[in-house]
Amino acid sequence: MANDTFLYEVARDLYEKSGADGDLSQTTVVTPSRRTKLFMNKYFSDLSGGRPLWAPQYANIVQLCELASPLRIYDGEVQRIGMVWGLYDAYRSVRDSRGMATAEAFDEFYYFGEVLLHDFDDIDKDLVAAEKLYAGVADLKRLEDWSFLDEGQKAVVRRFLNFDIEEKSRLQSAFFDIWNVLAEVYARFKENLRRGGVAYEGMLLRDVVERMPAPRPRPEASEVAGGADAAQADGLFPARRYAFVGFNHLSRAEARLFSHLKDRALFYWDYDKRYLEAEAGKYLRRHLQEFPDALPDGDRDHFARAKEIVFLEAANPVSQTGYVARWVEDVVRRGGGAPASGVSRASDAAFEDAASAIVLCDVKLLPPVLSQLPEGVKPNIAILYTLMQAPIAGYLTQLAELQVKGVRDGAFGLDYLLPVLKNRFTRCVYAGASRDIALIQKTKRLFVDPGAVLPIVDGGADAVATAVLTDATLFRVAGTPPELVRYLREVVEKIAEGRQVEGHLEIAALSEAYKMLNGLEVIAQSVLKNESALKLLKRLLLSVKISYAGEPAKGLQVMAMSDTRNMDFKNLLVLSANEGVLPAVEPEASFIPPLLRKAFGMPSIDDQDAQNAYNFHRLLQRAENVALAYSAGRSGMGKGEKSRYLMQLQWEGAPSRRGGSQTFTLKGAPPLAPGRRALSVAKTAAMLDALRGMYDGKPGGHGKPHALSPSAFNDFIECPLRFYFKYVAGLRVPEGLDSSLNGAYLGNIFHKAMEKVYGKPHGEGGTRKDAPLAVTPDFFAGHLVPGASGEVDAIAPATKRLIEDAFVEEYFKTPTARGEYDGEQNIYFQVVERMVRNALTYDRRRAPFDILGLEEEHYFDVELGDGTRVRVGGIIDRIDRKDGLVRVVDYKTGKVPREGDYGKTIEDVFQEDRKKKAGYQFQTFLYSLILGRETHAPVAPALLFALAADDDGYSPALKLGGEEIKDFRDYEEPFAEQFRSKLGDLFNEAVPFRQCEKDDNCRYCDYAGVCDRSPED
């Protein structure tokens, strides 16, 4: 492939024109690609046969202009903030000089300033007269003046155009204030920069172009070729020869520079006949006339060569990455290596010549792509990642939000403190993190003071209260923006000193973060609020770029589409080739209307489309084996449609060795890498012995017997491998330490509140079985407050106090009054209050009845064919009785499922691909089976959904096949048979713990990442 690349052709032509001595030291190669230098130097070495030679100089346009100007470019995103600050200063001074209202704060100006700076850059790159442009903008705004309309006409406009004219006029006036000063802001800003000897890119290019001398007569071709009589360099550009390689769109300033150096420059254009007359060749058609191609007439019809092009349709973006390993195997096979199991051994040879690339149209796919590469394939990654994508950025954001949003009266709020404590960077530099988490979890403080001494809960008589948040670097309050930035910088220093970083990327990210905070500290002196400093920090984290290190001249290339310029590859895998991603649909932000951009010849959305089209078609022109993947599901930026570029290839008939392009569909979860099988874990005798010990009914922790719970068995039904991870391997998800009230808290509080309403008999171990509670209509007079119509209007104050007690016991863990609840907690209190009211309203309609049990444990033993005895059971929320019928009532706090969400038969309840709420059925059926054997009475299962319980006609009774279950004894035999059979599978050594096949079961599974399964979006 190397001898057929564009850069090789350029290197060969330059080498041949360098003369017998091969001296290229007086040649400067100017290119838009950062990777050109390494590839071309490799080609020069190959062409010389290893003989030493003088290499050319390399530069991009900005570097070339810096050599010709006293100005220096601002370097990096931190300096860019300084640039925006300078623009803000110019903006304020112009407004002050005109007696205008005080300008907005810097953090409010920042976005406006970034867009304005981009506009100024475009103005200068295209040599536009700013004063004329901004006069034109103001004229366009005046065309929208509606003052000539009378009131009747304005009413018509309001009705048909759907906006308020007066409001629009006020906005227009505000815009006029801005537009009228922008030309002066532009001039003053540049004057200030020039005095400081710095510039932005467009300003630098314009400065150089406006100082270039008049063009001289064109020399003979021999002079350009580098002969003894070559043209002498001018003062701005000293090299004897320039080679401009692989450019496409040129700004006016760049085109003027090309014209100035035309007499001693060679122009190398990378294009193909197939698209030269189409959108992708929009600029090249003009450039080839003004600056003829230096390459000799050769093959410009690469697209005519036979290619193998396949289109891959995936269910979602991540599913595309499942093809990566298969594609790598195919590349290895084409290169003569061993397929599948031999991938790692053949990978070095297969990718030695850098002729294969994975191109990401959406760079967010990089992590899953890297995870799918087979072992032994070491990619060269040519993607600039933002600092925000590095772990240190998330940590800095957590720390800053802790300071800005999480401080009250010198204490740290739990919502912002816990993410910091759980972050691995905190754990690396603060040994007390785990201890603090445990203590805060026990005491459940909503705010914690640095150094606070917390009491030990349930720690025994010898327990000693312990101080938490004792690290003075991490846990101090930063009250001002400068203090906040210094605080963050000192934390970064502490992490660096502790060498708690992983890999070169994290080291680079830490370094960039430190430099960013140094630059931000100066600006923070002028920022008034910590909130503003947080906004600037987040903008910087999104802007600062980190590059991956690597050797681009060899290996498998992984790159963004924007980094493929001048690069050619034999084998290509392009991911996320979706409309809206390729090309991107969002135009760059600008305050200059499109009409004026077009009138002044500035870049527009059409120019972006032409540039994107060129990048795509140029990338494919020399490739031989191309796979183009896209997502068919609507997700993120993608619309679920293949890119129009792909449709164009199919419509025009992309050449193929197989007689045409092909489309394959990647469905379901991502395909496994070659040589890998669906996961399963074989059972061993030791494992089965351990399982029997887990469920043998013997006394366990907290006085509860070892028993198999319905929820655990539901896990086994839906995914045996999940059961293995959770209950056999012990890979439990850590208990949540979040102060936010989630669904689990809500359910626990509601259960506790209902238990308090109906109460348990006094005395140790008392149950309602010993003393049933007769619930009559009069019972509810102390809990429900009727309205004028007799319907329930509210719950009684005494019942509210019971709910408050439930909140304290299940959530706060420490005495907390209603007045101390925050907004979220008050909302959740009202939700629980409504659920309790609804449940009691339903119960009042059903009274009289007896409560036989509340939150009671019930178990029974099952003996399997091999003699294994398993205790099964758990806690039943409520058992009641009316007219001789006993009910098993399971409280639910979610929305009521549809009837179609349940299984229709007993067999349906035990299937892996069962309906999504069949687990509810199994649990209540199992408890009904247990209770029926205990009482020898008719038992009915019920699911009481508290949010709907107050509706007239509501019934919690469960149905099966459309029929209400009034006596579970009618279903006991088939249920017990199915249960015993499935339970036998759990203890059968020949039945492994295998991965489930139903994608929906993976959707919310905590182990989906461990299994390498990703359900469809």
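Which residues in helix 26 meet which residues in helix 27?

Modeller: A word on the source first. This is a predicted model, with residues numbered from 1 along each chain as its sequence is written. Local features need pLDDT of at least 70, side-chain atom pairs count only at pLDDT 80 or more, totals for chains, interfaces and linings use all residues, and side-chain values use heavy atoms, with hydrogens and water left out.

Now the contact. Helix 26 brings Asp-609, Asn-612, Ala-613, Phe-616, His-617 and Leu-620. Helix 27 brings Arg-644, Tyr-645, Leu-646, Gln-648 and Leu-649. Contact means heavy atoms within 4.5 Å. By class, this contact has 6 nonpolar, 3 polar and 2 charged residues. Nonpolar covers Ala, Val, Leu, Ile, Met, Phe, Trp, Tyr, Cys and Pro; charged covers Asp, Glu, Lys and Arg; the others, Gly among them, are polar.

Next, the geometry. Two packed helices are described by the angle between their axes and the distance between the axes. Helix 26 spans residues 605–621 and helix 27 spans residues 644–652. Helices here are DSSP runs (H or I, at least four residues), and strands are too (E, at least two), numbered from the N terminus. The two helices pack at an angle of about 55°, with their axes 11 Å apart. Axes are lines fitted to C-alpha atoms over the stretch in contact, and angles run from 0 to 180 degrees between N-to-C directions. Helix 26 and helix 27 are therefore oblique to each other. The scale is this: under 35 degrees is roughly parallel, over 145 roughly antiparallel, 65 to 115 roughly perpendicular, and the rest oblique. The crossing of helix 26 past helix 27 is right-handed.

Arg-618 belongs to a network of salt bridges that share partners, together with Glu-9, Asp-270, Asp-568 and Arg-622. A salt bridge is a side-chain nitrogen of Lys or Arg within 4 Å of a carboxyl oxygen of Asp or Glu. The structure holds 59 salt bridges.

Take one elsewhere. Arg-994 and Glu-912 meet at 2.9 Å, N to O. Arg-994 lies in strand 31 and Glu-912 in the loop between helix 34 and helix 35, so the pair ties together parts that are 82 residues apart in sequence. Arg-994 is partly exposed at 34% relative accessible area, while Glu-912 is buried at 13%. Buried means under 20%, exposed over 50%, partly exposed in between (1.4 Å probe, protein chains only).

Key:
A crossing is left-handed if the near helix is turned anticlockwise from the far one by less than a right angle, and right-handed if clockwise.
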